Amino acid sequence: MAKSVKRKKRSVSTLRVVESTVSEQAVQAVRHGALSGWPIIIGWLAMLIFTVHACSHMVAAGDTWVAMACGRHFVNHGVDTIEPFSANSHKAGPTEEEIRTWPDWAQWIAGKVGIKTVKYWHPTGWINQNWLTHVIFYSLVPESSYADGMSFSSNALVYWNFAIYILTVICVYYTGRLLGANPALCAVFSCFAMFIGRSFLDVRPAGFSNMLVAVFLLILVLTTYRNILYIWLIVPLSVFWCNVHGGYIYVFIMLVPFVGLNLLTSISKKRFISIGRKGIYHTMAAGFVAFLATIVFNPFHLTNLTHTFVISFSKHAERWRDIHEWRSAFDWTNRVGTGFPFLVLYILSIGLLILWLFSRFLRPRFLKAPRNELEAQKKLYIKLSTVFGYTASVLVCWVTFVSFSLLGLDAVSFFWCAAFVAIILLSIYKNVHFIYLAVLLTLLAVWSGDVAAGYNGRYFYPFVILPVYVVLHTLASLFSKPAKYKPENIAFVILAALVSIVLMAAIFNPFKFELPLWNVGQFFGLQRIWRPVYERNLGLSYRNLFDVLYMLNMVSIIFWIGFPYLKEILGRARDEANQNHQAETYQLPRIDLVVITIAALTIYMAIRSRRFIPIAGIAACPVAAMFIDQIIRGISASRNFYADNRLKVSPMPRSLQLSFTVAGTLAVLFFGIWWGLRFKRVYLDPWPSDPKLSSVFMRMTASDAKPFYALKFIKDNKLEGKMFNYWTEGGFIAWGQEPDPNTGRTPLQLFMDGRAQAAYNRRAFDIWTHIMSGGLPGSTGYEIMQAAQIRARTTGKKLGQILTPDDYVKLGQSMSDEFEKRNVWVVLMPSAVYNDPDQASSYHTIRGFERNPNWPVVFFNNRQKLFVDIRTPRGKELFDGIFNGKTIYPDDYHKNLISAHSWLRYRPGIEEKKKALDFAIKAFNLNPMPTTILEILLMATNFVELSPGVNKFCLDYFGEFTEKENIWAKQDGYRHKVEAVRLACYHLKKLAQSRGDTTLVNFYAGKENEYLLEMASIHKGKRW
């Protein structure tokens, strides 16, 4: 006995968990990882598909057009701080007066070096940190694609978008590989990184920052795992980055923890990965050189740096960050992008960090002790691994349920999820009859839910009992001996699921069944009755959710029946692989505290401001892949030690690798075909939203809403002076004008645009905001809107129910007074403002402005309205030109449309109204649009004499549409024709009602509903 103990002691004493070096940790994973051969081709295809999918999201292009305008100015006139587009922007400087307001030390320096030197090294005025991106944007697009001023046919910027994110996903993948993660895991999480940022990956300068974050992190990992000299790549990176986007400051923010933590971890290289003191010296030197280079090799020099801090930390910074894209990732009311995928990453990151730390405590320790202590360690391992398994199961279930919008984020929902997993595991490991507790859990979970909120979605548990049981039992059987397979157990699980559903329906009736429960058919038409708050902005319906759950249950039953054969095959393959595999002793990876911290800080940035969600995915996904890889390897080695007394990682069986390869292939085919067909339908098939503006770029950036025709009107009529515009359209208005060839100054100066603090101070933005909301504090319009908003909050009524006709008149006059003070004589507003009551104050302000007789509309279409002040000579000339033919319009359609509008409103007499109808019908025949038919219907409503002509027009168009519907459906602009015929049917229905013809009323009402459904289908099918 003593000898056996002694032998055992010797065998145990030979066990050493060898600490790996940095190079060994990374290189071995790269060389010996499963799925690292030809199957990785599937991974690359998946990354390409997910990247193209991520770049295909439709995001309105606010910054794109101002980038084009700025790029044109810089190409033609050089990079300077003289702002050419707006009357309210920063003025170039600094001037002597500005310097006198500086601190004493700054004035002293300015006095010593002279004002010319100060202007060179610290210029003020228009600070465009994205100037090089703007030049690239302008240079990429051929002039022929926009020469006519009414189209934009080039897709060059779309290709640019695809290119930078393909480079991004490559960097994310190789970052994960250098961290030692399995290639398949790296591919999966690279795809996930692209999916997380999808709703933010638009055609804008920030795209460069997203890509360069990935490049920067790859450089840091190369420095750590390959050669410290790679750190010098941050010098050219920073120089390029500081000229294309202001996000370059990320380099210097993250170099602080990179240097500090490497210095800290260099003390204990056995536990932590560190570049050592020599690497720290190189990093500090490279960082210093990069810092100097960003100042020297940038046209704004020191200002490029100080401007970043001004917009981030000045007293007005919070006001600028009040726009939607700067708000929290978890602000679920936010209209910009979605934080839902990021929420999944956030939960997964926290869970994986906990499991990763936990897994490191499961490793066996070097013991010079008798057998009983080894047995004690094994017992402790069994207990800890049980807790680990339960925690991992809860995490997987929680993330899965949240990912499919089945669970809320509250603590109670998490508690029921954890209890549900505990019941499933008890039924697997102890006795299958514990599954009956799931019935009680279902009832208690639904009982605890809010009835008005659809029971918080907790009615889903009965529908997932069987799939969760099968999945967890399968995993437990593969990795744990106590989980024994019994074919009959599935019957008890099915029974528990059925009883849960029946009792839940009988007691709570969450789905509002009207028939007795034995009418089984009603269970097959279920729709979810709860929608989680984190699902906002996605438009998810999950219409077939319960159908999918039923199919999943059927697949689970089939899988359960065939599981013994699958387990036998996998078992033989695993044993064969273990026999043939010459593995080295498992080496516990050292902790890369630096990369974990950088990922955590980037996630925190995204939580604070959702515009950082893409870079949070880029930084965190490789770390998540590393966590999972190290968890699996560590658990495998520990299990093998206690099972076979060898600390080795079990190789992945060939059959399992083949299974993953087949699954990956099917996934690639599924997503590739699905998204490929969707791309074709949305971006290549006929575009129903516009008959001309239909290039891929126009669709992807929603730029058909931009004022192309209004800008043609502005250019053709040579409008000059000051205008008031909607701020997100300012960039396009600047782009659409013909600037002065000598100065680059646009003739019609903007009031405001999307460059925000780069070109404007806070006061300019506040003035714009107040005017759009009724007026500046102290004005009549301001007092009216304030009083109306207070009443709306206290009474629950809408503003439109509170404001009186007299209030609207006063609002219009108040707005006119503000424009008169600022010499504004042109106002251009998008339909999104004056047609959308949800715009609240601005909608009602524009409604009031439309009633001001001094500001008639001289141009409009379905997208824009342009008002002019006829008290000015030029405004009067434009208005009179509508009637005498001197005002120039982009085409005959717009000429006839505005003539119809003007003759109807501003000319007395029935003959003039008939002339207006003739103009309107001509306009409609040239371009069938809902805007035109609304003008026509308005004529019939207000003038009985025009009704016969309007009735005939509607009948003729309905007949024409019925005849040509199939042809028009294959042409661009079809949605407008459908909306027009719906309005015609509405009028014909009203006409039939006045005549008492019930048959025709029902006919046209049916057609109207048919066209409404068709428009909804078009809208849904052409959005991505």
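A residue counts as buried when its relative accessible area is under 20%. With that in hand, here are some notes on this predicted model.

1. Let's begin with S274, which sits in the loop between helix 13 (249–265) and helix 14 (276–296). Its relative accessibility is 12%, so S274 counts as buried.

2. What does the side chain of S274 reach? Beyond its neighbours within four places in sequence, S274 is in contact with N262, T265 and S266.

3. Next, some backbone geometry worth a look in your viewer. Most residues other than glycine have a negative phi, and most peptide bonds are trans. The bond from G93 to P94 is cis, its omega being near 5°. P94 belongs to the loop between helix 4 (63–77) and helix 5 (96–99).

4. S405 is not a glycine, but its phi is positive, near 60°. You will find S405 in the loop between helix 18 (371–403) and helix 19 (411–429). Because its relative accessibility is 3%, S405 counts as buried.

5. Is K718 buried or exposed? At 62% relative accessibility, K718 counts as exposed. This residue, also not a glycine, has a positive phi of about 50°, and K718 lies in the loop between helix 28 (708–716) and strand 1 (721–725).

Notes
Residues numbered from 1 in each chain as written. Predicted model: local features only at pLDDT ≥ 70, side-chain atom pairs only at ≥ 80, totals over all residues. Heavy atoms only, no water. Helix = DSSP H or I, 4+ residues; strand = E, 2+ residues; numbered from the N terminus. Buried < 20%, exposed > 50% of the residue type's maximum accessible area, 1.4 Å probe, protein only. Contact = heavy atoms within 4.5 Å.
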